[in-house]
Structure formats: structure tokens, C-alpha cells
Amino acid sequence: MFLYQKLILTSSASVVFEGADIKNGTEDLPYAMKPIDYYTETKILQEKAVLDANDPEKNFLTTAIRPHGIFGPRDPQLVPILIDAAKKGKMKFMIGNGENLVDFTFVENVVHGHILAAEHLSQDVALGGKAFHITNDEPIPFWTFLSRILTGLNYEAPKYHIPYWVAYYLAFLLSLLVLVVSPLIQIQPTFTPMRVALAGTFHYYSCEKAKKLIGYRPLVTMDDAVERTVQSFHHLRKNK
């Protein structure tokens, strides 16, 4: 068997997200013209460069894995930041009606997707230059997911609702204010229109392409993933 050099990129499903609802989005959605942040903009540039570099004639195969909302034990981002916000009393409100479905992806499932992509690239060079959504394939309401983490560590779940458009326009006005005062005061607001969009819109993605072409199935269910993640952060548990 001919051995190719292979590069499997960890991209992001957010490369196609612009703040509007995405329901069961597929890989043929266009790249976002207005990425939600600079990080996502770099992900778009990175994915384009990697996929364009795919060249079987030069013994080089590439593909991109697009997880969404990676989480898991010992992750330094999602859970510690969430608990810090809860300690500061910032997790009392949810944006919207709390029904917007979002994908979160357990880290072991992301790794499984990488391995499958690498293995199948060896068997079918036609898979090169393609992107694959890799999620837990169990969309969950955004605020339900956060609430399960919070209550699992003995913190209260958000219980008050702020209408989505009220929150969005407040964030928009705040961004304008920051723009006006930025020459005088350096401020990095956390309450931005795009963060409101992330918390209040639907954005979940189809894994059908990955299932069909590389045999992907999540190894860890959402229930098990949340339980294992919460258990790993026992040191952040609130003493009642």
C-alpha cells in the first residue's frame, strides 16, 4: 500500500456561523462572510489553506474535522469560566426562551473523528480536501447544557429569561459605547452581540457526511460526557 503524508486539521463548525440560526447544517454551507470573532476568522483562513494543500500527486492528503463546543475533563475553558461566572452572580439569566438547540462535543469523540479520518484517508484519497462535522450528534438546548454543568457542581441554574432581541440590542448599544470611548479607555466587553447570538440561536450540525464516508459514530453519549466532565471538576464544587 502506498503511504501518503496526512494532515488532519482541528477546525470548527463555527466557520459557517454568522449569528443566525443553523439547524442541522451541512458541510456545503459557505464560509462565514462575517465571522463571529477573530478566532473564527483565523479558523476559516486555516481550513482553506489546509484543504487547498491537499495534493495526492505530491503525496500529501489533508482533511478538516469540524467539532463544535468541545468539552471534557480538565478542560481549562468551558467549565472553569462558567463556574467563575456563577460565583460572580452572572449566571442568573438566560437569553431567549431557552429552547435553542446547540451542539457540544465530548473531547474523546473529537479524537475518534480524527483517527477515523486518518484511517480512511489511507483507503480513499478522494476524501482528501474535504471537511467533516464531528459532534456528539445529540443537539441539546444551550441553557440546559450549562444548567447541567452548574447543578452538577451545586450551583443554581439560570432561571430568569431575557428576550433575545432585548439582549442583542443592549449588547449592540454597549459595543457602540465601547467604540466611542475606546480612544480614551481600553475596554474588552464580554457582553457582545455575537456572544448573545451564540447563547440565543440554534446552531447544530449534521454528522451524516462523516457517518457515511468515514464511519463516524460518537463513542461517548452526552449523558456520560456531562457526568464524566462534572466529576473531573469536583474541586470546583460549591459546598452547600
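Here are a few friendly questions and answers about aromatic rings in this predicted model.

Q: How many aromatic pairs does a search of the whole structure find?
A: The search finds 11 aromatic pairs.

Q: Why is the pair of phenylalanine 71 and phenylalanine 106 called edge-to-face?
A: Their ring centres are 5.7 Å apart, and the planes meet at 65°. Rings pair if their centres lie within 6.5 Å, and planes over 60 degrees apart count as edge-to-face, so this pair is edge-to-face.

Q: What makes this a link between distant parts of the chain?
A: Phenylalanine 71 lies in strand β4 and phenylalanine 106 in strand β7, 35 residues apart.

Q: Are phenylalanine 71 and phenylalanine 106 buried or exposed?
A: Buried means under 20% relative accessible area. Phenylalanine 71 has 2%, so it is buried; phenylalanine 106 has 0%, so it is buried too.

Q: What kind of aromatic pair do tyrosine 168 and tyrosine 169 form?
A: With 6.0 Å from centre to centre and 90° between the planes, they form an edge-to-face pair.

Q: Why is tyrosine 169 called partly exposed?
A: Its relative accessible area is 49%. Exposed means over 50% and buried under 20%, so a value in between is partly exposed. Tyrosine 168, with 22%, is partly exposed as well.

Q: Which residues do ring pairs link into a cluster?
A: The cluster holds Phe71, Phe104, Phe106, Phe142, Trp143 and Phe145.

Q: Where does the charged end of lysine 23 sit?
A: It sits over the ring of phenylalanine 202, 4.3 Å from the ring's centre. Lysine 209 lies over the face of phenylalanine 132, at 5.2 Å from the ring centre.

Key
Residues are numbered from 1 along each chain as its sequence is written. This is a predicted model: local features need pLDDT of at least 70, side-chain atom pairs count only at pLDDT 80 or more; totals for chains, interfaces and linings use all residues. Side-chain values use heavy atoms; hydrogens and water are left out. Rings of Phe, Tyr and Trp (its six-membered ring) pair if their centres lie within 6.5 Å; planes under 30 degrees apart count as stacked, over 60 as edge-to-face and the rest as tilted. Helices (H or I, at least four residues) and strands (E, at least two) are DSSP runs, numbered from the N terminus. Buried means under 20% relative accessible area, exposed over 50%, partly exposed in between (1.4 Å probe, protein chains only). A charge sits over a ring if NZ of Lys or CZ of Arg is within 6 Å of the ring centre and within 35 degrees of the ring normal.
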